[in-house]
Amino acid sequence: MASNPMTSAVRALSLELKNLQEEPVEGFRVSLLNESSLFEWEVAIFGPPETLYQGGYFKARMKFPQDYPYSPPTFRFISKMWHPNVYENGDLCISILHPPIDDPQSGELPSERWNPTQNVRTILLSVISLLNEPNTFSPANVDASVMFRKWKDSKGKDKEYENIIRKQVSATKADADKDGVKVPITLQDYCVKTKIQTPQSSSMDMADFYDDDYDLDDDDDDDEEDDNIYDDNEDSGNEES
């Protein structure tokens, strides 16, 4: 018997938040927007060194559905962001946040879209990668996409796109100062040393989550056999990471 989806979401989000706060990942920091709810997070993304976004401090918000991780969260930039894959209102358009449906017109494969093995870490690392390598084939901001392609095709000689990005990066410094955040600008400062999570430990985390979602003892005749299986091998059957 499946448990309440909202309960599963709370457990998954609690685990992810705890892991990200205890073992930070380079490029971003996360916190709850409101301590009373796990379903809305505040995100700070640091611009990667040696890119146009170096020194940037971009704030965003993630909202999670009550059936997370089976449905994707939404992601909206609060900081002003001129980017081919960001709508005027700050909403991010990226494949990993799209439901895994078959939509030939989108140009995306279902495998490129959201699935429950994704998590906040994979989303934010994808966002950071997208900053420097936007998808210009299906842009959310057509003008920014055209401008980026001119900048790239001219090998930086057309400065319009670059000038806008650098201006926005400079504007984020006020937010960083207000929040008391020192933005890393060198690769050494940017890269955070974290404990290495082995595939086995990752599987155990997800096993804890999925084991409570489903009652493994529905068949009374197999209770003893099932108990022996899970006692001998707690990690079996959960290889997602």
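**Figure 1. Ring pairs join Trp 41, Phe 64, Tyr 68 and Trp 114 into a cluster.** The model shown is predicted. The structure contains 9 aromatic pairs. In the pair of Tyr 68 and Trp 114, the ring centres are 6.0 Å apart and the planes meet at 40 degrees, so this pair is tilted. The pair links distant parts of the chain. Tyr 68 sits in the loop between β3 (57-63) and β4 (74-77). Trp 114 sits in the loop between β4 and α2 (120-132). The two residues are 46 residues apart. Tyr 68 is buried, with a relative accessible area of 0%. Trp 114 is buried too, with a relative accessible area of 0%.

**Figure 2. Phe 148 and Tyr 161 form an edge-to-face aromatic pair.** Their centres are 5.4 Å apart, with 75 degrees between the planes. Phe 148 belongs to helix α3 (residues 142-153) and Tyr 161 to helix α4 (residues 160-171), so the pair ties together parts that are 13 residues apart in sequence. Both Phe 148 and Tyr 161 are buried.

**Figure 3. A charged end sits over a ring at Arg 149 and Phe 137.** The ring belongs to Phe 137, and the charge to Arg 149. The charged end lies 5.9 Å from the ring centre.

**Figure 4. Helix α4 has its buried residues on one face.** These residues are Tyr 161, Glu 162, Ile 165, Gln 168 and Val 169. Seen down the axis of α4, they fall within an arc of 130 degrees, so they line one face of the helix. On the other side of α4, Lys 167 and Ala 171 are exposed. The buried residues of α4 pack against β3, α3 and α5 (173-179).

**Figure 5. Lys 59 is a buried residue of strand β3.** Its relative accessibility is 16%, and buried means under 20%, so Lys 59 counts as buried. Leaving aside residues up to four places away in sequence, Lys 59 touches Glu 42, Val 43, Phe 77, Ile 78, Ser 79, Asp 175 and Asp 179.

**Figure 6. The largest nonpolar core holds 49 residues.** Trp 41, Ile 45, Phe 75 and Phe 77 touch the most other members. At least two residues of this core come from each of α1 (5-22), β1 (28-32), β2 (40-46), β3, β4, α2, α3 and α4. Helix α2 gives the most, with 7 residues. Phe 75 has contacts with Ile 45, Ala 60, Arg 61, Met 62, Gly 90, Asp 91, Leu 92, Leu 97, Leu 124 and Val 127, not counting residues up to four places away in sequence.

**Figure 7. The protein has 8 helices and 4 strands.** Along the sequence, the pattern reads α-β-β-β-β-α-α-α-α-α-α-α. The protein has 241 residues, of which 38% count as buried. Among contacts between residues at least 6 apart in sequence, 60% join residues at least 24 apart.

Terms used
Residues numbered from 1 in each chain as written. Predicted model: local features only at pLDDT ≥ 70, side-chain atom pairs only at ≥ 80, totals over all residues. Heavy atoms only, no water. Phe/Tyr/Trp six-rings, centres within 6.5 Å; stacked < 30°, edge-to-face > 60°. Buried < 20%, exposed > 50% of the residue type's maximum accessible area, 1.4 Å probe, protein only. Lys NZ or Arg CZ within 6 Å of the ring centre and 35° of its normal. Arc of directions from axis to C-beta. Contact = heavy atoms within 4.5 Å. Core = buried A, V, L, I, M, F, W, Y, C linked by side-chain atoms within 4.5 Å.
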